[in-house]
Amino acid sequence: MGSQIAVPVKETFFISHGSPMLSIDDSLPARHFLKCFKQKVFTQKPNSILVISGHWETSEPTVNCINGLNDTIYDFYGFPEQMYQLKYQAPGAPKLAKRVKELLKSSGFNRVHEDNNRGLDHGAWVPLMLMYPESDIPVCQLSVQTKKDGTHHFNIGKALAPLKEEGVLIVGSGSATHNLRALRDTAGVASWAMDFDNWLKESLVNGRYKDVNNYMTKAPCAKIAHPWPDHLYPLHVAMGAAGENAKAELIHHSWSSHALSYASYKFKSQPK
């Protein structure tokens with residue numbers, strides 16, 4: 001993208017962003033994991049970043065195409081006041097947005113839209129603020145389609161795989177478990193959350209991606225772990241973008257609020 005020389009990116013990532021409190025709460029282990037991301041997990045500086053966030057749902061794939069700086073969207077309610085003062089003003093990535101649209105259309109996604117106003121929701125800016133605090137890397141966001149299935153999102157990822165050769169970091173931002181009504185301020189982890197989380201890890205690290213695409217019928221406790229699919233679909237995109245025989249690795253694991261998993265994964269592309 002742009003005049004920068006593209007160093008190919010070999011990995012894609014799925015980050016469980018959990019609660020918006022991740023932006024300020026130092027007691028959350030996932031916060032420290034993300035703050036060390038560019039030192040310990042992914043040391044290459046990408047040309048630009050494509051984020052697929054569970055907080056942007058549209059009926060058809062849509063990219064935000066922003067000239068200038070991305071706005072910071074405060075799409076959470078009733079949190080400490082200081083969180084509404086935080087800003088993550090990364091540049092928009094209009095060239096990347098157009099490229100995403102082009103790749104999707106050439107792979108059979110006939111209707112792909114651009115949004116010229118929408119900034120970054122907290123599924124994008126909260127983890128990025130920790131991972132890349134300098135906010136100097138252009139960012140584009142892509143929506144999820146909750147009326148579609150895991151395979152649809154996996155195929156979106158497959159269509160976007162060429163972006164890695166162009167130096168683009170692809171990050172799915174969601175949550176390995178996401179039942180907000182089941183969150184409790186109690187010790188221990190709900191057994192259903194543990195069962196789903198373990199199934200997901202075993203399926204991913206053993207390359208059972210088809211099972212993960214069909215998680216609603218294959219996984220234990222799928223409906224309670226994800227009453228709605230929005231926070232798991234970003235994982236399917238990251239998985240698809242990594243390529244056919246990509247190797248998945250669990251790169252962080254922690255829990256909060258009795259049922260919220262912060263399991264995060266790296267998908268490393270394998271040579272053909």
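What percentage of the 272 residues of the protein chain count as buried? The figure is 56%. Buried here is under 20% relative accessible area, exposed is over 50%, and partly exposed lies in between, with a 1.4 Å probe and protein chains only.

A word on the source. This is a predicted model, so to speak of local features we need pLDDT of at least 70, side-chain atom pairs count only at pLDDT 80 or more, and totals for chains, interfaces and linings use all residues. Residues are numbered from 1 along each chain as its sequence is written, and side-chain values use heavy atoms, with hydrogens and water left out.

Now the overall fold. The protein chain has 10 helices and 10 strands. These are DSSP runs numbered from the N terminus: helices are H or I with at least four residues, strands are E with at least two. The radius of gyration of the protein chain is 17 Å, close to the 19 Å from the globule rule for 272 residues, so the chain is as compact as a globular protein of that length. That radius is taken over C-alpha atoms, and the rule is 2.2 Å times the number of residues to the power 0.38. Along the principal axes, the C-alpha atoms fill a box of roughly 50 × 45 × 35 Å.

Contacts next. Take those between residues at least 6 apart in sequence: 79% join residues at least 24 apart. Contact means heavy atoms within 4.5 Å.

Charges, briefly. There are 29 positive and 25 negative side chains, and the centres of the two sets lie 5 Å apart. Lys and Arg count as positive, Asp and Glu as negative; His and the chain ends are not counted. Each charge is placed at NZ of Lys, CZ of Arg, CG of Asp or CD of Glu.

On to strand S1, residues 11-16. Why call S1 largely enclosed by the rest of the structure? Because 6 of its 6 residues are buried. Both faces are covered: Glu 11, Phe 13 and Ile 15 on one side, Thr 12, Phe 14 and Ser 16 on the other.

Which strands pair with S1? Strand S10, residues 264-268, runs antiparallel to S1 and is joined to it by 4 bridges. There, Thr 12 stands opposite Phe 267. Strand S6, residues 168-174, pairs with S1 in the parallel sense, over 4 bridges. Phe 13 has Val 171 of S6 as its bridge partner. Pairing requires at least two DSSP bridges between the strands.

Strand S5, residues 139-144, is mostly covered, with 6 of its 6 residues buried. Leu 50 has Cys 140 in S5 as its bridge partner.

Helix H5 spans residues 150-160. Here 8 of the 11 residues are buried, so H5 is largely enclosed by the rest of the structure. Among the buried ones are His 152, His 153, Phe 154 and Ile 156. Their cover includes S2, S5, S6 and helices H3 (94-106), H7 (209-213) and H10 (233-242).

Most residues other than glycine have a negative phi. Cys 221 has a positive value, near 60 degrees. Cys 221 sits in the loop between helix H8 (215-218) and helix H9 (222-225), and is partly exposed at 30% relative accessible area. His 258 also has a positive phi, near 75 degrees. Its loop lies between strand S8 (255-256) and strand S9 (260-261). His 258 is partly exposed, at 21%.
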